[in-house]
Amino acid sequence: MARYFYYIVLMNMSLNIILNVPMVLIQNRFSGSITSILISIPLGTLLAYLFTKGMGRFPYQGLPEIFKEVMPGYIRVPFLSFLALMWLAAGTLAVNSYSYVIKLYLNPEMDLRIISGFLILLIIYGATRNTQSILYKTEITMLAALPFIGFIMFKSLSSDYFYPVHIKRILQFTWQMPNYSSIAAASYIFTGYINLVILNRNIQAKEILKYFWIIPLLGSIILAITYLIPFGFLGIQSVGDFVFPWMVTVDSLRMQYGFIERTSFILVFVFMLLTMLFGIVTWNVGLELMKGAFGIQDRKTGKRLFTLTFLSIIGFLSVYFQESVNQREFFGYAKYWFNIRLPVEVVLVMTVFLLSLRRKKT
Amino acid sequence: MKKKDSLLILCAVLALVGMLAGCAFKDIDKRFFVVSMGVDKSNNPKKPFRVSLKLAIPSAQVQPGKAEFQIISENADSIAEAIRVMKSKVDKDFDFGHCRVLIFDRHILKRHQPEVLNWFMRRRDIQGISYMALGKPTAEMVLRVKVKSERVAGNALNISFDQTTNTSPYIVSEIMNNYYMRLSEDGIDPYLPVIEPLKDTYVINKVALIKGEKLIGELNKDETRVLNELLNTGRKGQIKVRQGDNEFFVNVDRFKTKINLVIPKRKKPYVQVNLKIEGPIEASEKKLENNYELLEDQKLAAEVINKRVEETLKNIQKMGSDPLGLGLLYQAKQGVSAKEVKKWENLYQNIEFKVKTDLKLRGTGTMY
């Protein structure tokens, strides 16, 4: 079962190639992105290790069950609901960013509300399924998407229009003071492990630790690719001119022998798969946390009233949120969310880790 | 219960299938496909942009020479405005998804280059892999050429620029994303292939060089070939060698260029160009009976190449343009700042080129 954990981690890493992480890093490219990336690699790995280790002491228990044993209600309920909202916001941000991509590249004449509305409907359907079935879907989606991601990577590294000299130039800006929002964004690459709060019910965290070296290795490679390849194509100045640098980068690639010439459509397709999956996983975790906070057991009773109303409200709010802000403000909020996420994550990891230590003693 | 569930899902799926409207609510027969686009400078100073669109007219028969198209042009004060006005001249909506070739004329590039490019880069439906070219005398005249062998309207230019179809070493192709990068980066300058219309076809064998945002000149046919070789584009040519009455041709199979900027301590920096060429002799008046003769020819050919490359590099240097991105190499070593950029500009004007060729003649074909 440990492989499902790594699928989720990998999903989180590859999804962020296109969405908001490179945006923040590229904005700060002259002021310490590289040092921030270098800091975020050990930081992300350490957090992942502590959390997985901690969860390993609570076999087949999710975060709500763990907290129920040790915390009084007045701390547990707000904390869990807050975490649930963080997860739901993660899904919303990904889906909404992706609807901007659809609006831009696939369906310019369609209303943005309809695009994100339909995506959210699908995600609500997916998120209300059983966690185990979602894990199976993760495997299918990742196996379908990975060859395409590999193909795009290979295509871009072997392209005539890829200039390694730009990467050498941006490395001239290595020794700058790191900044907080870059660290927050870069460490987000590693955050896939945090879904273990619920998935621990289905996955044994102890098995995961056997292959733990995958996380720093893959994370560093993907971060390097995410950050550096757009420079190779677009140069260090003009890369800042684009809203989705990766879409433009991949648009420089041409498939001479393919059915379609424009490689960017493959990227749109792959990220369709990944965004839906990411939305489903995060919303499912958020929903389960919320249910855990209020002790709702609808799987046993078969009544899905709470689930559906709750997710419909969140879904409506997501569409309303996208409707009420423009794209620039939206990305601003995404950045705020990154900045809040890091301390929350640290607090969560430390709580779980300390709880696991206490459990060992008694 | 299970059966009822799956029936419900089936109904839902069927209902959703009806919403798949294929062409985003506009059918393909209600669209006009723009296959190439040209931007010229008009004579009217108030409306400087003359935009021409080549519209493909679909037909049931796909036959060489039967590709029909229509050209419409409009003068306006911006490209966006011109497109909007042109929409009222035709019955259908424009679709730029197949616009693969963008042609500009000399005057518009001299003046309004960033403005023009901005429109193309911002449009999501203009592909980043669109080929760009300079039309001579004007872009519109290039668009108006009806190529005899064309099966699909506007495809001839597209195919000529495609390296997998046409490997002519005189054609330098340039895509839009790469052009934009070269334009906005200090230390590398853009170039554009020049298209001249003939009666039923085109000739593309020159390249126009640009410095900063200004068009500064053209390279001739032979220099264009050298530039192609230096850019490592994979378009391989021939080497013609003549010394006294010994004349032969080398057909190039492999051509690899490595360009290094060497900055020795307390000495003047220089550019080291290493070429690696392999190929057989294609034509020779002399019979090459012994190996030493072949080796002699090999040496001779390497010298010819050296000279050819060095002359071209010097000529490009004299024009002041830097299509090979030597400035980037300098910045990669010395750091990226306005001061370094300025230093490089002074340095580039009289930098020395050292060309070294490693040429291997692999054989003499079917004859000695």
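1. In this predicted model, the second largest cavity takes the largest share of its lining, three residues, from H5 of chain A. Both H5 and H17 of chain A supply at least two residues each to the lining of this second largest cavity, whose volume comes to about 80 Å³.

2. The residues that line the second largest cavity include Leu15(A), Asn16(A), Leu19(A) and Asn20(A), together with Ala90(A), Leu93(A) and Ala94(A). Tyr188(A), Phe278(A), Trp337(A) and Phe338(A) also belong to that lining. Sorted by class, the lining of the second largest cavity holds nine nonpolar and two polar residues, and no charged residues.

3. Turning to charged side chains, the count over all chains comes to 31 salt bridges. One of the pairs is formed by Lys89(B) and Glu74(B), whose side chains meet at 2.9 Å, taken from N to O. Lys89(B) lies in the loop between helix H2 (79-87) and strand S4 (93-95) of chain B, while Glu74(B) lies in strand S3 (residues 68-76) of chain B, so the pair ties together parts that are 15 residues apart in sequence.

4. Are the two partners of that pair buried or exposed, given that the cut-off for buried is under 20% relative accessible area? With a relative accessibility of 45%, Lys89(B) counts as partly exposed, whereas Glu74(B), at 15%, counts as buried.

5. In chain B, Asp93(B) also forms a salt bridge with Lys87(B), and the closest N and O atoms of this pair are 3.7 Å apart. Lys87(B) has a relative accessible area of 41% and is therefore partly exposed.

6. A further salt bridge joins Arg308(B) to Glu229(B), with the closest N and O atoms 3.1 Å apart. Because Arg308(B) sits in helix H9 (residues 291-319) of chain B and Glu229(B) in helix H8 (residues 221-230) of chain B, this pair ties together parts that are 79 residues apart in sequence. Arg308(B) counts as buried at 13% relative accessibility, and Glu229(B) is buried as well, with a relative accessible area of 3%.

7. In chain A, a network of salt bridges links Glu65(A), Arg201(A), Glu288(A) and Lys291(A).

8. As for annotation, an unreviewed UniProt entry lists residues 26-196 of chain B as "domain: Spore germination protein N-terminal". In the model, the end C-alpha atoms of this span lie 37 Å apart, and the span is 27% helix and 27% strand.

How values were computed
Residues numbered from 1 in each chain as written. Chains lettered and ligands numbered in written order. Predicted model: local features only at pLDDT ≥ 70, side-chain atom pairs only at ≥ 80, totals over all residues. Heavy atoms only, no water. UniProt positions renumbered as here; feature names shortened; annotations may be inferred. Helix = DSSP H or I, 4+ residues; strand = E, 2+ residues; numbered from the N terminus. 1 Å grid on protein atoms, 1.4 Å probe; cavity = no way out; pocket = protein on both sides within 12 Å on 5 of 7 lines; lining within 4 Å. Points joined across faces, edges and corners; volume = space filled by probe spheres on them. Nonpolar A, V, L, I, M, F, W, Y, C, P; charged D, E, K, R; others polar. Salt bridge = Lys/Arg side-chain N within 4 Å of Asp/Glu carboxyl O. Buried < 20%, exposed > 50% of the residue type's maximum accessible area, 1.4 Å probe, protein only.
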